[in-house]
2 protein chains.
Amino acid sequence: MSLRLIRDAVIDPACPVRDVLDRIGDRWTVLVLNALSTGTRRFTELRRAIPDISQRMLAKTLRTLETDGLLTRTVFPTIPPRVDYTLTPLGDSLLEPLGHLIRWAETSRAAIHAARARAGQVRAARD
Amino acid sequence: MSLRLIRDAVIDPACPVRDVLDRIGDRWTVLVLNALSTGTRRFTELRRAIPDISQRMLAKTLRTLETDGLLTRTVFPTIPPRVDYTLTPLGDSLLEPLGHLIRWAETSRAAIHAARARAGQVRAARD
DNA sequence: CAGGATCCCTTAGGATACTG
DNA sequence: CAGTATCCTAAGGGATCCTG
């Protein structure tokens, strides 16, 4: 038993944690944070780094991250325009706990897939 | 800069991490895991522990967690029926990295809300 | 008690086209 | 280049009713 690490945090009626976790729970935020983990990137660089993101979702995700203060957006008034995205210290500080979670996912992947396969077997045998 | 903790993991085309993170990224999984962090619980106990979850979503979330091998479901063939849910060692092992993330959310909450308020100010001033 | 089945609405998100 | 606007579909998820 893991010492109820998260107990009181989540049950709270106002749920101070959920509005934060809801953000990183979407499909792209983690990937964008990751792509920015090595430093400043431009819009198109991010699109190349995350091949299957649509330009719409990339733009939306970046706006949200900017609004939440996790990255800064720097516009250069040149032609053609150029926009740089950089993690703030706050955004950067998220990479560490996120790394814990991702490493768990990597090491647990095999076990999870095995469990899914077992569940599939059971279902197949029953039907 | 946080040492590119998550880099290679996420960019992978087959994205071994996303199918795992997609699960915990939903609205209820984290809350259910938390409610089970202190030990075995029954269906109704979980509903009480997470007041605003619908029975449908609780059932669905529990099924998914069972399929993924994060918890076990034990049915007692009594009348009325009774079903116990317990985290597996795998499920329990998720509580630790999750705790890191939740503590980050708690400590960062003020900064994020301040950033959102600032963004709101900017928008209000512009319009 | 512990759900399954059904209905319905809202949101996430892709595709495409257009612009400063 | 870096987006915004529009349209559209699929999935998430609530409410309600039914049952072994």
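**Charged side chains in a predicted model**

The charged end of R82(B) sits over the ring of F76(B), 5.0 Å from the ring centre; such a contact is counted if NZ of Lys or CZ of Arg is within 6 Å of the ring centre and within 35 degrees of the ring normal. The structure is a predicted model, in which local features need pLDDT of at least 70 and side-chain atom pairs count only at pLDDT 80 or more, while totals for chains, interfaces and linings use all residues. Residues are numbered from 1 along each chain, chains are lettered from A and ligands numbered from 1 in the order written, and side-chain values use heavy atoms, without hydrogens and water.

In chain A, R82(A) lies over the face of F76(A), at 5.1 Å from the ring centre. R82(B) also forms a salt bridge (a side-chain nitrogen of Lys or Arg within 4 Å of a carboxyl oxygen of Asp or Glu) with D84(B), the closest N and O atoms being 3.2 Å apart.

Over all chains, 8 salt bridges are present. One of them links the side chains of R116(A) and D68(B), at 2.7 Å from N to O. R116(A) lies in helix α6 of chain A and D68(B) in the loop between α5 and β2 of chain B, so this pair joins two chains; helices (H or I, at least four residues) and strands (E, at least two) are DSSP runs, numbered from the N terminus. A network of salt bridges links R23(A), D68(A) and R116(B).

A further salt bridge, 4.0 Å from N to O, pairs R63(B) with E66(B). Both residues lie in helix α5 of chain B, 3 residues apart, about one turn of the helix.
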